[in-house]
Amino acid sequence: MSVDLAGRRVLVVGLARAGAAAVDALLAQGAEVVAFSLDETPAAGRLRAVGVEVHVGREEETLTQGIDLMVKSPGVRADAPLVTAARARGVPVWDELELGARLLSNPILAVTGTNGKTTTTALLGEMLRAGGFGGEVAGNIGRALSSLAGQVDPEAWIVCEVGVFQVEELEVFHPRVGVLLNLEPDHLDRYDEFERYAATKLRMFELQTGADVAIVPRGYGPVPGAARRIEFSTDEPLPAEPSIPGAHNRENAAAATLAARAVGVSDEDIARALRTFRGVAHRIEDVASVGGVRYVNDSKATNVAAALRAVDALRPAPLHLILGGRGKNESYAPLAAALGPQDRAYLIGEAADAIAADLAAAGVGHDVAGDLETAVAHASAAATDGEIVLLSPACASFDQFRDFEARGDAFRALVERLR
């Protein structure tokens with residue numbers, strides 16, 4: 001859906017990757033942009049240099065005066081002071097994803113869910129490219145959707161990973177094919193209850209019509225919108241078995257296969273992608289083997305359900321599991337129940353004490369290491385031939401790291417030092 005933004009004064013709130021991309025896209029459309037960030041970011045200096053009015057620090061509601069539109073980054077809460085002030089003035093508020101949808105005419109295949117989104121999005125990108133359908137990947141995978149405006153063939157399919165923070169302010173975002181992988185507790189630090197989190201996730205499907213497709217887990221309840229429904233399960237027959245390990249990845253592959261077929265990709269091309277796809281960084285990623293001990297980076301596991309998938313995928317080996325970071329108001333009891341006397345946990349970050357309490361209640365051995373460097377040192381000293389040191393934190397990274405990528409990169413560097 002095209003939109004005329006020339007001459008309109010737009011306030012962009014948040015200057016991480018998505019917000020910075022939104023500013024660039026708006027400038028390309030001829031908009032007059034004002035940008036706000038709570039903290040100084042690398043993008044802030046670059047944008048000042050090209051004449052953008054950038055504000056950093058306290059949220060001054062006066063910034064919403066004279067604004068025609070607000071675009072907010074995923075990290076900005078829907079109840080943030082500037083967002084609330086904009087609504088009070090009758091200013092439209094869009095998510096960055098909404099801006100991207102309005103600037104692009106491309107058909108979109110969107111993937112949402114609590115866990116598996118990045119892997120499935122990347123796999124679908126390979127499937128669509130194998131079939132000649134485009135297959136640019138964007139969204140929560142790290143490349144803002146708005147950054148593709150004017151950069152891709154308008155007929156090419158875009159595979160978009162959709163996180164819950166990206167769909168709070170949608171009006172036109174409309175995937176031709178929408179995929180729901182799963183819904184499990186997550187982000188309960190931002191949403192008061194699971195039901196509200198789940199309802200926000202499902203907003204992605206609201207504008208789908210009878211000409212569209214919604215792919216959901218077998219037996220899942222109703223989703224909004226009018227799309228034709230297709231269900232998948234772990235035991236779905238596939239054109240080829242995926243090369244990446246774990247029952248959860250076979251489930252991801254099943255969802256991706258049905259989505260690619262809905263676009264029109266042949267089973268032959270789907271099979272080729274399934275055989276060659278090697279997974280994504282920071283998700284059950286083999287780093288090295290040192291002294292017979294395998295080191296695995298699963299920094300992307302930022303909730304309990306994701307960590308449980310990694311534990312299950314790496315059995316039956318004994319695990320030295322590094323857990324912790326900034327918690328999301330989840331119970332760690334299910335994770336404690338999945339660990340046995342052959343396993344040991346090493347706890348870091350703000351959530352260490354809460355995790356320790358649940359591990360102690362289950363009789364699981366653990367050390368409160370405090371930081372990642374200490375945890376890797378303790379785990380490597382204790383691990384023996386045939387065992388696995390696994391970073392799968394079940395928590396966000398923001399107490400000690402910029403993001404989960406920085407945490408995973410730090411883990412890799414520590415393992416390389418062991419070599």
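Strand 13 (residues 293-297) is largely enclosed by the rest of the structure, because 4 of its 5 residues are buried, where buried denotes a relative accessible area under 20%, exposed over 50% and partly exposed the range in between (1.4 Å probe, protein chains only). Strands (E, at least two residues) and helices (H or I, at least four) are DSSP runs numbered from the N terminus. The model is a predicted one, in which local features need pLDDT of at least 70 and side-chain atom pairs count only at pLDDT 80 or more, whereas totals for chains, interfaces and linings use all residues. Residues are numbered from 1 along each chain as its sequence is written, and side-chain values use heavy atoms, with hydrogens and water left out.

Strand 13 pairs with strand 12 (residues 285-290) in the antiparallel sense over 5 bridges, pairing being assigned if DSSP finds at least two bridges between two strands. Within this pair, Glu285 has Asn297 of strand 13 as its bridge partner.

In helix 12 (residues 372-382), the buried residues are Leu372, Ala375, Val376, Ala379 and Ser380. They lie on the same side of helix 12, because they cover an arc of only 120° around the axis, the arc being that of the directions from the helix axis to the C-beta atoms. The elements that cover these buried residues include strand 13, strand 17 and helix 13 (404-418), contact being defined by heavy atoms within 4.5 Å. At the start of helix 12, a side-chain oxygen of Asp371 reaches to within 3.2 Å of the backbone nitrogen of Glu373.

Two individual residues were also examined. Asn252, found in helix 7 (residues 247-263), is buried, with a relative accessible area of 4%. Not counting residues up to four places away in sequence, Asn252 touches Gly116, Thr119, Thr120 and Leu181. Pro224, by comparison, is placed in the loop between strand 10 (213-217) and strand 11 (228-232) and counts as partly exposed at 28% relative accessibility. Leaving aside neighbours within four places in sequence, Pro224 is in contact with Leu202, Phe205 and Glu206; Glu206 is 18 residues from Pro224 in sequence, with a C-alpha to C-alpha separation of 4.9 Å.

Terms used. A polar contact is a pair of N or O atoms within 3.5 Å; within protein, one must be able to donate a hydrogen and the other to accept it, and residues adjacent in sequence count only if both atoms are side-chain atoms.
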